[in-house]
Amino acid sequence: MSNLSVNIKMFQVGELGDCFLLKFKKDGSESSVLIDCGSFRNSDKSEQRLQTIAGFIKDDLEGKPLDVVVGTHQHNDHLSGYVHAFGVFQQTGINNVWLSWLDDPKDEQAGKIAAGQRKVTDNLQKIVAELAKNNNESHSLASSRISDVLGFYLAADDAEEPKAEKKVKRPPVVPQMGIDNLRKLGKTISYLSPGSVLDLPALPQNSVKVYVLGPPRNSNLLFDINPNKDETYDTKLAAISNLAEGYLSAMKNFTGEPVDSDEGNFPFDKKHDRKLTSKLFSKEYQMKKNAWRTIDDEWLDQAERLSLYLDTYTNNSSLVLAFELVECSKVLLFVGDAQTGNWLSWEDIKWDKDKVKAGFSLDYLLNNTVLYKVGHHCSHNATLKEYLDDKIIHKDLVAMIPVDRTDPNITKNNGWKMPAVNLYKKLKENTQNRVLVMDIGYDPDCDPDGQAKEAWAKVPFKPVYNQQKFYIEYEVHSDSN
């Protein structure tokens, strides 16, 4: 009888974020894998929580170093822990760091893409600054919404944290610092590309295979971030997101930069521009009772969607890994925050026939997935509909969603739709309500001791919710059917 198993802990970072510890065991050997460690904000509270979690991870390893640390993509909510808890990870030790090819400083294509992302981020910062200068409610709202999303890249403090408790000096924390720290912490740094197949370190060879699915090398797919109607469960959100690109041109007018499209004078051409020179017209136009008729700031209503649209470029660059327990073919799928193009690119991967078994295919991995780490906090465009409909349908499937529904970005008026309603419903259907969530462990209809008791009884391990150490735990065993 086999004794290969993996324990998965999803840590509660206290807000939007990702932090997963996987511990594989086989014939007395152990291999530990930490996939991301970060949270959205950089407040004292956020920093302290991440340091505490890093301490729990160190204690859990009982003096052993982490065998592998994975940094999926350059967003604060995935990497800030490697900045705030750098000292703890330094004490713990890291043998191997796995990053995407996009983080490889020697990769020419990656360098060009990184430069483009920096330009977009800089442009958004300029837009925020320009909007903030105007004593205008609409502009202030747009500035606030863009700043929310820039928190993925820059220093986003907790607005609710008392000023007296805030540090006087906190250097701006950017995900690049997390990547740089991982390079310092790891003994061996590997930059992974789609099609790579690795044996998991510290285990007997051919015990656990790791397949690299994304991010794609194909630039068209790398920047394909919005699902079509038949690729998502939430078509209205997809439609709104698809409209967002046009607003970038309009917002560039605030920075004085040239606009690279026909929409330079968005929403109307220059010939339709009218100055308020007529006193009568000016008076009527600016009267409060006529405010509902003006259109000056209508385009700003989609400012948040615009910044989210740009933000998804980085999500789509996620390092996607599938871990296969070889002897039983069970798969754990970790997709980071991969968006549409990343998912679609998997079909085109050319695998080394010498490193995969006969008959190997993408469908083989998806059909055998028994643990799915749901992408991007269960947003509408981070799980491809056709795959969840027809391929990720194993009878033992369990889903883990790193979402905190108390996060201000979700609870605010017109907040982020996480988890996306229809996707969440479909995940519960596919898993028979075996869905674990970061914020409260599980919803009532997924309670292993309540409404979902029968469904959880069909799999060999009942999840454990440890509120004292901030994690939800599940296990996969190779000797169970």
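Me: Before we look at any residue, what does buried mean here?

Reply: Buried means under 20% relative accessible area, while exposed means over 50%. Keep in mind that this is a predicted model.

Me: Thanks! Why is Ser-100 called buried?

Reply: Its relative accessibility is 1%, and the cut-off is under 20%, so Ser-100 counts as buried. You can find Ser-100 in strand E5, which covers residues 94-100.

Me: Which residues does Ser-100 touch, leaving out those up to four places away in sequence?

Reply: They are Gly-71, Tyr-191, Leu-192, Pro-215, Ser-317 and Leu-319. For contact, heavy atoms must lie within 4.5 Å. Val-70 is 30 residues from Ser-100 in sequence, with a C-alpha to C-alpha distance of 9.0 Å.

Me: What does the side chain of Ser-100 reach at 2.9 Å?

Reply: That is the backbone nitrogen of Leu-102. A polar contact needs N or O atoms within 3.5 Å, and the 2.9 Å pair is listed for Ser-100 and Leu-102.

Me: On to Lys-26. Is this lysine buried or exposed, and how do you know?

Reply: Lys-26 has a relative accessible area of 12%. Buried means under 20%, therefore Lys-26 is buried. This lysine belongs to strand E2, residues 17-26.

Me: What makes a polar contact with the side chain of Lys-26?

Reply: The side chain of Glu-327 does, at 3.0 Å. The limit for such a pair of N or O atoms is 3.5 Å.

Me: Which residues of helix H17 are buried?

Reply: In H17 (residues 421-431) they are Leu-423, Tyr-424, Lys-426, Leu-427, Lys-428, Asn-430 and Thr-431. An α-helix has 3.6 residues a turn, so residues three or four places apart point the same way. The cover over the buried residues of H17 includes strand E11 (369-373), helix H15 (385-390), strand E12 (398-401) and strand E13 (435-437). Just after H17 comes Gln-432, with a positive phi of about 60 degrees.

Me: How many cavities of 30 Å³ or more does the structure hold?

Reply: There are three. Strand E15 (residues 471-477) gives the most to the lining, with four residues.

Me: What classes of residue make up the lining of the second largest cavity?

Reply: Six are nonpolar, two polar and three charged.

Definitions and conventions
Residues numbered from 1 in each chain as written. Predicted model: local features only at pLDDT ≥ 70, side-chain atom pairs only at ≥ 80, totals over all residues. Heavy atoms only, no water. Helix = DSSP H or I, 4+ residues; strand = E, 2+ residues; numbered from the N terminus. Buried < 20%, exposed > 50% of the residue type's maximum accessible area, 1.4 Å probe, protein only. Polar contact = N/O pair within 3.5 Å; in protein donor to acceptor, adjacent residues only side chain to side chain. 1 Å grid on protein atoms, 1.4 Å probe; cavity = no way out; pocket = protein on both sides within 12 Å on 5 of 7 lines; lining within 4 Å. Points joined across faces, edges and corners; volume = space filled by probe spheres on them. Nonpolar A, V, L, I, M, F, W, Y, C, P; charged D, E, K, R; others polar.
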